[in-house]
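Dear colleague,

I am passing on the model below, together with some notes on what turned up when I went through it. Please read the notes with the structure open beside them.

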Amino acid sequence: SKLDVEYLDLSGNDIRDLHPSTFSNLRSLETLRLNDNRIFRIQPGQFGGLNSLQTLDISSNEISSLSGMNDIPTLIYLDASSNLLVDIPDNMFPVDM
């Protein structure tokens with residue numbers, strides 16, 4: 001079933017890993033705050049299907065790669081500061097011509 005949640009704040013917990021389908025039923029989600037956790041990876045498709053997501057805060061985690069994050073076409077604001085980033089894919093920020 002689909003939930004009409006628009007804002008979800010899971011910051012400041014001890015989350016280390018997210019199942020790939022954790023947010024799959026939250027089609028109306030516009031803001032997701034996952035900052036100040038211990039998340040170490042973003043899996044491919046992690047945010048797939050979040051067709052309304054505009055704001056994503058994954059700051060202050062232990063993420064080393066953003067390779068699983070190129071499937072959020074509606075994203076306007078991304079905070080990935082204070083992580084352990086070593087990999088940002090070439091197609092992360094596509095340019096519209």
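In what follows, two residues are in contact when heavy atoms of theirs lie within 4.5 Å. Please keep in mind throughout that this is a predicted model.

With that definition, and leaving aside neighbours within four places in sequence, asparagine 37 is in contact with Leu10, Ser11, Gly12, Asn13, Asp14, Ile15, Ser60 and Asn61. Asparagine 37 sits in the loop between β2 (31-33) and β3 (55-57), and its side chain reaches the backbone nitrogen of isoleucine 15 at 3.2 Å. Because its relative accessible area is 6%, asparagine 37 counts as buried, the cut-off for that class being under 20%.

The strands form an open sheet of four, in the order β1-β2-β3-β4 and with parallel pairing. The edge strands are β1 (7-9) and β4 (77-79), each of which pairs on one side only. Within the sheet, β2 and β3 pair in the parallel sense over three bridges, and arginine 33 has aspartate 57 in β3 as its bridge partner.

Arginine 33 also takes part in a salt bridge, with aspartate 9, in which the closest N and O atoms are 3.1 Å apart. This pair links distant parts of the chain, since arginine 33 belongs to strand β2 and aspartate 9 to strand β1, 24 residues apart. Both partners are partly exposed, arginine 33 at 24% relative accessibility and aspartate 9 at 34%.

The count of salt bridges comes to five, and Asp14, Arg16, Arg38 and Glu62 are linked in a network of them. Arginine 16 bridges to glutamate 62 with the closest N and O atoms 3.4 Å apart; arginine 16 lies in the loop between β1 and β2 and glutamate 62 in the loop between β3 and β4, so the pair ties together parts that are 46 residues apart in sequence. Glutamate 62 forms a salt bridge with arginine 38 as well, at 3.9 Å between the closest N and O atoms, and here arginine 38 comes from the loop between β2 and β3, 24 residues apart from glutamate 62. Arginine 16 is partly exposed at 35%, as are glutamate 62 at 30% and arginine 38 at 33%.

Finally, the largest nonpolar core has 20 residues, and those with the most contacts inside it are Phe23, Leu32, Leu34, Phe47, Leu56, Ile58 and Met69. Leucine 56 touches, among others beyond four places in sequence, Leu32, Phe47, Met69 and Ile72.

With best wishes

Conventions: Residues numbered from 1 in each chain as written. Predicted model: local features only at pLDDT ≥ 70, side-chain atom pairs only at ≥ 80, totals over all residues. Heavy atoms only, no water. Core = buried A, V, L, I, M, F, W, Y, C linked by side-chain atoms within 4.5 Å. Buried < 20%, exposed > 50% of the residue type's maximum accessible area, 1.4 Å probe, protein only. Helix = DSSP H or I, 4+ residues; strand = E, 2+ residues; numbered from the N terminus. Polar contact = N/O pair within 3.5 Å; in protein donor to acceptor, adjacent residues only side chain to side chain. Pairing = 2+ DSSP bridges. Salt bridge = Lys/Arg side-chain N within 4 Å of Asp/Glu carboxyl O.
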